[in-house]
Amino acid sequence: MKNKSLGSKLLSAPYIVWAALFIIVPLIIMLYFALTNEAGVFTLANLSEIGKYKKAFGLSILYAAIATVITLLLAYPMAYFMTKLKISSQRMLLLIVMLPMWMNFLIRTYSWISILANTGIINTFLGKLGLGPVQLMYTPGAVILGMVYDFIPYMILPIYSVMSKLDKSLLEASEDLGANAFVKFKKVILPLTRPGIISGITMVFVPSVSTFYISQKLGGNKTMLIGDAIEYLFNLGVDYYNIASAISMVLMIMILVCLFVMNRFNDDDDGGVVI
Amino acid sequence: MKNLKFRSLSLAIIVCIVSLLFSSCGYEYVDLELRGKYDRSLEGTVLTVYNWGEYISDGSDGTIDVNREFEKLTGIKVNYLTFESNETMFSQVENGGVNYDIVIPSDYMIQRMIKEGMLDEIDTTALSNYDLIADDYKGVYFDPEEKYSVPFNVGMVGIIYNGKYIKDIEHSWNVLWDEKYKDMALNFNNPRDAFMTAQILQGTDLNSTNEKEWEAAAELLKKGKKNLQGYVMDEVYGKMETGEAYIAPYYAGDYLTMVETNPDLKFFYPKEGTNIFIDSACILKSAENKAAAMMYINFLLEPDIATANADYIGYASPNTAVINNKDYYYYGNEILYPKKEDMPPVQYYHDIDEKIRRKYELLWIDIKLY
């Protein structure tokens, strides 16, 4: 648009400065480290070392994908259910969905320990019934559960917001044209809520695939997700900044590719664009 | 009349304020005689101390708050930060994000930091309490000329187990691999200590320069991984105290803290031997407040302060004023201060050649991804 006034440019200036300093500059630093060796000379050697971490990449993607599918299966019916309620009940439920997000993410993750532990709530209850204890903590299941729990609000909220704006007359029209419930869902509701699904998937998958805290606290440090590998390498000191940056770069590229593919599914440009 | 009333009222207020000031800021513990030893010439400056977590008497449960006492005595503000491993400390110092004055790393890390020129020399003759340190801990391999470090704590690794669930236990590192204890045992979540458990079992040197020996240790650790509940560091406290895990190798001093909470916990030094360490206070070359750092290090050696720290931390003290103090909580404790004939064979960690260090740091990833 041509008529951008000086005023509106000035208004955006603080954020542009922020973004440049804290998004663009760090990205450039990461790229620099990823593509140089310890002496600062350009090299692709770091990228060839990444093969060692393919299992970590694989596990991260697998866990994040499972967590994303579970959140979607839980969140979609929930969002649909919410839109069917009175406005006041919707607000109430929305509040409940968001409530955990007001607590620190680390505390939320930590609280699962007291639920899943051998001496935790579930196993104590099983013990009373003469069962168990079952090793729940420090398993892949616990890690995935942690991801689902921590990120599910990011799935519910975008789907709910798209769904609540759904034009009821379209649903009525489909009914008038003889669509049954399944057809109505498949041909009308699902396509119209797709932008919400896509942005929900992104907002769950991206933080899940790069998490390291959840896997350490609930996984007992027994595996290394790619986020753990990056954290471990950075903590070892500057010797490993190059390889850690290279892994970060590859991870970012993979995420960007995922987002690009997702956006292809989202061809109607009605505000659900992910990036 | 009015005036008099006003005066008596204001007098009353002043008395209240003054008494409040005294009650909140007055000397609670430290002997007044220390006032003569520590002047307030550096009042208002900041001293940044970087130490292990849970490694100073912090005033909880009626103990002495060491940093607070130092602040009161000298007027120096202590900016106290903690780390979880020598390696994290090293990378933070190397990054230079925060200007640390004092760091309290372990032996091998001190050796490395001296080699890399990161530590400033300490004139021990300027420390009036330096002579209190037992000769055994002076001039140890990493600082033979006593130029860079002042011993703060000493400790050895042993195995803690829950006597309520485990009656007879072999006093060996084997227990971490024993399938009898599947999902019950923990191991260290840092490469050096975890490798130690395997190396001692294989009878190899903890500071081996032979890559094959490190690979063999890694293989043994891989084999043991599925038997373990997990790898932890400070979380071991909660795990052992609540009975979440039954076996964990950790430091003798930490066992003494844990057993206070859970009296079922027992401890032994494995017969194959174990690792001994010294954590010592060092001043960084990049320190901005070196004079205050010297004051702080000397303060840590004060008999009352050192005893308070030794009581609180539960590690063995290198300070003779603590060891010989009959009021010291662990006076004569045989786990911290074993008799000569009960001493297991011990090995210090040394700073390892960079090639070997990289080798085991990367082998650790293989173990985790196994």
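Colleague: Is the crossing in which α1(A) passes α12(A) left-handed or right-handed?

Modeller: This is a predicted model, in which local features need pLDDT of at least 70, side-chain atom pairs count only at pLDDT 80 or more, and totals for chains, interfaces and linings use all residues. Residues are numbered from 1 along each chain, chains are lettered from A and ligands numbered from 1, each as written. A crossing is left-handed if the near helix is turned anticlockwise from the far one by less than a right angle, and right-handed if clockwise. The crossing of α1(A) past α12(A) is left-handed.

Colleague: At what angle do the axes of α1 and α12 of chain A cross?

Modeller: Axes are lines fitted to C-alpha atoms over the stretch in contact, with angles from 0 to 180 degrees between N-to-C directions. The axes of α1 (residues 6–34) and α12 (residues 241–265) of chain A come within 7 Å and cross at roughly 115°.

Colleague: Which residues of α12(A) make the contact with α1(A)?

Modeller: Residues are in contact if their C-beta atoms, placed from the backbone, lie within 7 Å. Met30(A), Leu31(A), Phe33(A) and Ala34(A) form the α1(A) side.

Colleague: How many helices does chain A have?

Modeller: Helices (H or I, at least four residues) and strands (E, at least two) are DSSP runs, numbered from the N terminus. Chain A has zero strands, and its helices number twelve.

Colleague: Over which residues of chain A is the pLDDT below 50?

Modeller: The mean pLDDT (the predictor's confidence in each residue, from 0 to 100) of chain A is 89, and 95% of its residues reach 70 or more. The pLDDT falls below 50 over residues 271–275.

How values were computed:
Contact = placed C-beta atoms within 7 Å.
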